[in-house]
Amino acid sequence: MEKTAEQIRGDLLRPLFRSGAGYWLAVGVTGSMVLAGVFAFSYQVYHGLGVWGLNWPVFWAFDITNFVFWIGISHAGTLISAILRLANAGWRRPVTRCAEAITVFALFIGAIIPICHLGRPWLFYWLVPYPSERHIWPNFRSPLLWDFFAILTYLTGSTIFLFLPIIPDAAAARDLASGWRQKLYGLLSLGWQGNPRQWHRLESAMHIMAIAIIPVAVSVHTIVSWDFAMTPVPMWHSTIFGPYFVCGAIFSGVAALILAMAFLRKFLHLEEYLEPIHFDHLGKLLLTMSLLWFYFTFAERLTTWYGNDVSEMNVFWSSIRQNFAPLFWTMITCNLIIPFPLLAIKRFRTITGTVIASSTIVAGMWIERFLIIVPPLEHKFLPYSWGSYRPTWVEITLMVAGFGMMGLLYLLFSKLVPMISMWELEAGVRK
Amino acid sequence: MSHKWAMVIDLDRCTGCEACVVACHAENNIGTAGPDQAARGRAKHWIRVERYWEGEFPNARLRFQPVLCQQCDDAPCEPVCPTFASYHTPEGLNAQVYNRCIGTRFCANACPYTVRFLNFFNPQWEKPLHLQLNPDVSVRSVGIMEKCTFCVQRIRAAEIQAESEKRDLKDGEFNPACVQSCAPKAMVFGDLNDPNSEVSRLARSNRSTKLLAELGTKPNVNYLQRDSWQDGKNG
Amino acid sequence: MQRRNFLKISALSGAVAALQSCGSPEQQLIRFIPDEDLVPGIATWKPSVCTLCSAGCGTLVRVMEGDAEVVRNGRAGLIKMGLAKKLEGNPEHPVNRGKLCARGHAALQVLYHPDRLANPLKRRGPRGSADFQVVSWEDALAELTSHLSELPSPGNVRPSDSRGGRRAVETGPVPIAFLTRPLRGQRRELIERFLKALGAPPSVSYEPLDEAVLRRANLLSFGSAALPTLDLARADYLISFGADLLGTWNSPVAQSIGYGEMRQGRPGRRGKFVQVESRMSQTGANADEWIPCHPGREGVLALGMAHVILREKLRPRELRSRAAALIAGWSESLPDYVPESVAKQTGVSAETITRLAHEIAAAASSAVVIAGAPLAQTNGMFNALAVNALQALLESGRAEAPILSFTPQPPIGATVPASAATQASFSALNSLAQAILNEQPHAPKVLFLYDANPVFGAPASLQFREALAKVPYIVSFGSFIDETSAFADLILPDHAPLESWVDDVAESGTTQSVVSLAPPAVHPLHNTRAMPDVLLEVAQRLGGPVAAALPWNSYDAMLRAAYVPLRRLSSSTATQSEGDFWTKITNQGGWWSTPTTPRAEAVSAAPAHTPAKLAEPEFDGPAPEFPFYFAPFPSQSFRDGSLAHLPWLQEMPDVITTAMWSSWMEINPKTAGQLHIAVGDLVEITSQHGSVRAPAILSPGIAPDVVAMPIGQGHEKFSRYASGRGANPLSILAPLTERETGALAWAATRVKLARVGGAEQGKLIVFAGGMSRFPAEEERR
Ligand SMILES: Nc1nc2c(c(=O)[nH]1)N[C@H]1C(S)=C(S)[C@@H](COP(=O)(O)OP(=O)(O)OC[C@H]3O[C@@H](n4cnc5c(=O)[nH]c(N)nc54)[C@H](O)[C@@H]3O)O[C@H]1N2
Ligand code: SF4
Ligand code: SF4
Ligand code: SF4
Ligand code: SF4
Ligand code: SF4
């Protein structure tokens with residue numbers, strides 16, 4: 001990568017100011033997905049939660065699957081970026097911003113879902129601790145409250161973490177832009193002059209954030225896992241869920257990052273910045289996570305099987321052999337059987353290879369969340385109360401809207417902020 | 001004297017008649033789901049009579065087991081509720097405060113007995129069926145979780161009555177609707193704090209068990225297991 | 001639009017539609033001044049009587065103030081009135097002692113049913129189309145009176161002739177038919193007097209599952225045509241041959257109370273309960289021993305046990321010798337019924353027969369009872385007499401009072417004796433239908449319908465629907481439009497029972513004589529009138545002997561006249577004034593005698609019946625083509641289908657299958673496997689007389705050669721909740737009858753099965769999503 005700082009700025013700022021028809025088409029498509037979701041949610045609020053496929057006893061399904069999924073995806077960014085920053089891995093430079101953006105957006109989507117999923121969404125603020133006229137605080141013993149704090153902390157932290165390195169780039173854009181953009185970048189750059197004191201502060205702030213965000217990220221998905229592990233539901237009530245969820249989160253997050261990078265590389269013409277080497281490195285990380293994920297999955301199932309608790313075995317067999325078997329084995333295929341050769345064999349660990357692997361992993365990890373949630377609820381302790389679940393168009397639309405929202409936010413973001421941290425890249429060049 | 005309300009269900013007496021099921025609907029303003037919603041798993045029965053087959057023809061046996069909220073002392077549905085809608089009353093009941101509930105359904109997942117029901121839609125009473133509604137029990141709107149309350153409205157009414165008359169409640173003075181309706185007297189309700197109450201006496205029976213006792217929820221519903229007839233020992 | 005919805009929309013759109021906030025106009029109803037003294041929020045409990053089945057349980061109605069839309073003097077409006085909120089059993093009532101069955105609780109929904117008829121209706125469309133128009137009571141009664149007075153027959157005195165005395169008397173009765181559900185008490189008396197005064201034949205009562213066979217058998221064996229009272233609380237051993245005694249048969253609440261005591265009411269002494277049937281019923285599910293027996297062979301099984309008891313002299317010779325004398329070969333200890341040969345006929349092993357005989361003979365107090373499907377065979381009488389004889393044998397040599405007895409009847413005069421009930425309602429209905437179809441001279445010109453629905457409840461082969469079309473004038477008192485009342489020319493809707501004076505005379509379920517009696521618990525909601533009051537008014541309008549035969553100006557006056565004489569029966573009430581006595585019995589929900597100990601009456605008179613020989617059951621349909629016995633059974637929710645309109649009962653899961661809002665058929669899993677039928681698949685059941693379709697439920701509690709289906713669903717027209725739901729098994733029954741009584745042999749049809757669709761078509765609705773077996777304790781560690 002033998003580019004000058006000017007070239008870098010030119011290449012990376014260009015997409016901010018010029019958009020092709022393809023871009024607007026993409027905005028249109030993702031925007032429609034989001035609008036469809038708004039419609040579906042309005043329909044749900046008007047008629048009641050019954051327009052979903054939930055029933056007695058499956059009270060959570062697509063909703064919480066999507067929630068866990070997006071919170072999981074959010075682990076792509078900030079966590080990876082923070083670790084790589086602390087490890088000072090040079091190859092991270094072009095990757096960090098797309099990664100951190102994923103975190104913020106995925107968390108945002110993830111945080112909306114629990115509100116949408118309420119039976120009475122208009123009362124969502126009762127989850128928020130505020131001194132209300134009812135003189136009742138929310139119940140701090142509820143994992144949902146822990147979720148609230150964890151997600152809020154993570155969202156705040158990762159927004160700051162995303163924002164800090166944008167400051168110098170925003171200043172650069174400010175200097176090029178005119179009109180409303182100049183005002184916006186002026187605002188975002190917080191009066192950045194690039195003097196040594198500012199540089200010093202930025203570096204130390206980022207260092208602090210990088211250290212602080214790691215435990216937050218780990219705690220977030222651990223806490224999400226506790227939504228399940230804290231309840232006596234067969235195959236939810238498991239000590240392995242904390243690390244298992246964190247592992248799954250990073251796994252799906254890295255996959256999502258690879259997909260995002262490939263997408264940016266193609267559409268923003270960043271071939272010279274996001275190079276095969278980056279995909280190769282991330283591919284290795286993905287391979288590690290795939291194996292780790294499989295290890296957890298195996299350990300979880302083995303303990304269940306060996307323990308042979310009747311209630312757990314009902315869930316176990318339903319997912320492995322009975323009605324959920326097709327999904328279960330699809331998940332194994334998506335998360336291990338396809339990715340493993342693609343990522344383990346160097347020849348296949350190309351951009352195409354990692355993209356294929358990441359696609360199946362994202363799908364596989366969505367299924368994994370579904371299989372964690374639904375089969376146990378269908379098979380609780382008293383067989384009389386067993387049930388079955390089938391989603392309705394409303395839930396499917398809301399799921400699609402989640403993906404649309406991710407795409408839309410990403411697209412809009414890429415028009416506002418250079419998707420690669422220019423100054424860090426330049427610093428890399430200088431080195 | 002404070003009370004500890006509890007129930008005993010004698011499986012050797014229960015005939016599976018389901019009078020308790022309809023009585024509970026009548027007492028507690030439980031909405032009828034209708035065929036379409038019932039087909040989608042939205043029927044609400046705060047008490048249900050579970051049935052389990054054993055053996056094959058001609059040696060088939062059927063076991064009935066009425067299941068309602070077990071009013072657990074360590075109720076898993078309570079800590080998970082973010083709004084204290086599912087909460088423990090000073091008398092040890094698991095109360096469901098409808099107007100606090102925002103419908104997260106966390107409690108329903110956490111309840112091992114699966115006795116919680118969500119109002120997936122606003123319940124409908126086609127006029128004039130609404131005239132039957134019990135004014136002592138609130139009607140739950142869409143998005144709210146509901147379940148057996150041990151007919152808390154009857155408990156409170158009796159307690160207030162006794163208080164105003166400055167006396168203690170008598171054993172059997174009042175009963176929840178299901179218990180009241182049970183012809184073979186399979187269900188007995190009362191105060192465990194009174195060692196001489198019928199429920200206390202029955203709870204000490206050697207046939208007394210708790211449903212899913214291994215989960216440690218400490219239910220306040222005791223099941224007396226089915227007895228058997230032994231030639232010569234009886235009659 | 002509801003305010004909540006409105007808020008939702010405005011919140012969503014973010015736009016406040018100011019115009020809409022005016023909302024819908026307030027109700028334009030006028031407000032009537034309340035005519036009751038009610039304290040808001042305070043409940044009063046008023047007595048009433050459950051009329052949903054013939055048990056005659058006493059109820060208490062919880063009445064509280066509320067706002068209701070009502071019709072008063074032809075105007076609709078709102079009023080604060082006492083509203084029935086809940087039903088509970090009347091604790092003082094000797095039959096049900098504070099308890100109700102599931103159906104009894106749902107009787108509230110009869111009162112508040114959205115499809116209850118609120119006004120008199122006159123037919124507008126073609127017969128059977130259920131197209132009616134509202135008419136005034138005045139017009140309706142005038143029309144009815146003119147139809148009645150135009151009947152050219154004896155007993156009918158036209159108002160114009162009344163001064164000049166009776167007209168010439170023609171031969172034959174007046175062509176009026178009155179079709180009711182089985183009624184007791186003064187409602188029945190009123191109808192009979194009305195008919196008699198008009199010169200018409202007595203009423204015909206019809207219910208699909210009538211008890212004529214058992215009544216006749218009891219009359220022969222024990223000298224009483226009533227259903228038996230079972231004092232199970234004292235029983236050590238009970239064998240029931242097909243009787244759904246904890247579910248729908250006879251006096252289920254009373255029997256369930258006794259059953260609970262029999263099981264666990266006496267420390268250290270637990271009775272044993274054995275059920276004999278080919279399809280496990282709710283009752284059978286509770287048995288300590290459940291014994292499947294080939295359909296129609298229950299009598300043989302009973303005599304097999306009797307054989308063992310007689311041969312081994314396990315009991316002394318019978319006290320009620322007449323019951324035994326009715327069985328051929330009894331005095332020779334039933335040589336034809338050795339256990340080995342009985343085993344071959346019944347499918348019950350000889351060892352089991354012998355063991356059960358020993359067990360029950362050794363029990364200190366025991367009973368055997370028969371009801372349901374075993375009586376609904378062509379040899380039903382044989383089965384009944386056999387079981388009765390076994391009962392008589394078990395009673396002999398006992399110091400204790402018998403478990404099975406007959407409720408003493410209060411001394412109230414009746415126009416038609418109770419023993420008339422031994423006439424099979426099916427044959428009565430059949431001759432009525434034949435008379436109409438064949439246009440016989442005495443075929444009714446006016447047909448009254450009261451709570452009977454034979455178009456639904458009789459086999460299609462009886463052609464009652466076709467007969468109805470040929471009756472010139474049909475008047476229904478029904479509160480609902482059903483398959484039969486849809487043919488009416490005039491509907492004069494009755495009050496709901498809770499709005500009426502109700503009375504009943506319990507025939508079983510207690511050892512006391514009982515009259516259930518109560519005034520209206522609530523004021524009427526609609527523009528309806530109580531059937532008895534309408535009949536009294538019609539009688540007044542007709543004048544002459546009819547008016548003279550029914551001299552009361554209201555039904556409660558008639559009730560008072562009938563029941564006040566009971567005052568003299570007890571020394572404690574004999575000194576009361578009539579008024580005090582009346583207040584007392586109407587406040588407590590009826591009158592009952594002081595408890596007595598039942599005695600086994602030794603009926604010694606020679607029976608008017610030749611001793612019964614072994615009678616084989618006959619079945620309709622050749623076995624090779626129709627390989628399955630068809631076992632319709634009364635649904636736990638709807639009994640014979642008359643309660644299918646109540647949403648609580650529709651949504652109550654059947655306790656065995658957990659089905660709601662559905663019909664289903666029960667089939668043995670092995671049979672299902674052979675026919676490739678899975679749970680929920682749509683299956684067609686075909687007899688020689690038609691076919692019905694229902695989703696399959698696989699049940700280990702049914703013999704492989706039997707298919708069972710609940711009666712109750714399959715209504716074409718019966719309120720929004722029941723119409724078009726499920727299938728009616730009665731419609732495909734063969735018109736086979738019990739040989740001696742002519743009762744419908746509803747368990748004597750053979751059928752074939754075919755899978756005609758998957759679960760998508762079957763549309764089975766069940767509450768329990770899960771498996772029907774519980775992991776055994778050992779599997780749960
Ligand atoms: N929560 C709350 N409670 C309050 C108040 C408040 O603001 N908030 N306000 C208080 C005040 S100021 C008042 S005055 C009281 C009012 O308290 P109430 O007097 O209990 O109130 P209402 O519901 O207006 O009317 C009483 C009943 O009279 C019936 N009624 C109407 N018209 C007639 C009639 O012509 N004849 C007869 N016999 N009955 C009729 C109505 O249907 C109703 O059932 O409430 C007091 N309680
Ligand atoms: S009412 Fe009593 S006997 Fe009937 S099902 Fe309920 S618990 Fe069992
Ligand atoms: S039975 Fe379920 S709902 Fe009732 S207290 Fe226990 S956990 Fe809560
Ligand atoms: S559904 Fe209601 S009661 Fe249950 S946990 Fe949520 S807020 Fe609490
Ligand atoms: S105690 Fe009350 S609320 Fe609970 S099941 Fe019985 S009737 Fe229903
Ligand atoms: S048994 Fe049930 S339906 Fe029959 S009268 Fe009694 S309560 Fe009513």
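Between chain C and chain B of this predicted model, an area of about 6500 Å² is buried, and carbon and sulfur atoms give 56% of that area. Buried area here is the accessible area (1.4 Å probe) that two parts lose on being put together, summed over both. Of the part that chain C buries against chain B, C:Arg270, C:Trp648 and C:Glu651 supply 11%, more than any other three residues. Counted by contact (heavy atoms within 4.5 Å), the interface takes 87 residues from chain C and 73 residues from chain B.

Seven salt bridges are found between chain C and chain B, a salt bridge being a side-chain nitrogen of Lys or Arg within 4 Å of a carboxyl oxygen of Asp or Glu. In one salt bridge, the side chains of B:Arg154 and C:Glu88 come together at 2.7 Å, N to O.

Where on chain C does the side that touches chain B come from? The elements that give two or more residues include helix 1 (3-13), strand 3 (58-72), strand 4 (75-89), helix 7 (252-264) and helix 21 (647-651) of chain C. Helices (H or I, at least four residues) and strands (E, at least two) are DSSP runs, numbered from the N terminus. Helix 7 of chain C gives the most, with eight residues. By class, this side of chain C has 42 nonpolar, 22 polar and 23 charged residues; Ala, Val, Leu, Ile, Met, Phe, Trp, Tyr, Cys and Pro count as nonpolar, Asp, Glu, Lys and Arg as charged, and the others, Gly among them, as polar.

Turning to the sheets of chain C, seven strands form an open sheet with mixed pairing, in the order 6-5-17-16-15-7-8. Two strands pair if DSSP finds at least two bridges between them. Strand 6 (132-134) and strand 8 (204-205) of chain C are the edge strands, each pairing on one side only. Strand 7 (residues 176-180) runs parallel to strand 8 of chain C and is joined to it by two bridges, and C:Thr180 stands opposite C:Ser205 in strand 8. Helix 4 (residues 137-149) of chain C packs on this sheet, and its direction makes about 135° with that of strand 16 (473-476). For such angles, axes are lines fitted to C-alpha atoms, for helices over the stretch in contact, and angles run from 0 to 180 degrees between N-to-C directions.

A second open sheet of chain C has three strands in the order 18-19-20, with antiparallel pairing. Its edge strands are strand 18 (502-505) and strand 20 (590-592) of chain C. Three bridges join strand 19 (residues 514-518) to strand 20 of chain C, and C:Ser516 stands opposite C:Gly590. Helix 18 (residues 555-563) of chain C packs on the sheet, touching strand 18 and strand 19, while helix 20 (residues 578-588) of chain C touches strand 19 and strand 20.

Chain B holds some backbone features worth a look. Most residues other than glycine have a negative phi, and most peptide bonds are trans. A cis peptide bond joins B:Phe57 and B:Pro58, and B:Pro58 is in the loop between strand 2 (48-54) and strand 3 (61-67) of chain B. Another cis peptide bond joins B:Lys127 and B:Pro128. B:Lys185, although not a glycine, has a positive phi of about 60°.

Residues are numbered from 1 along each chain as its sequence is written, and chains are lettered from A and ligands numbered from 1 in the order in which they are written. Local features need pLDDT of at least 70, side-chain atom pairs count only at pLDDT 80 or more, and totals for chains, interfaces and linings use all residues, while side-chain values use heavy atoms, with hydrogens and water left out.
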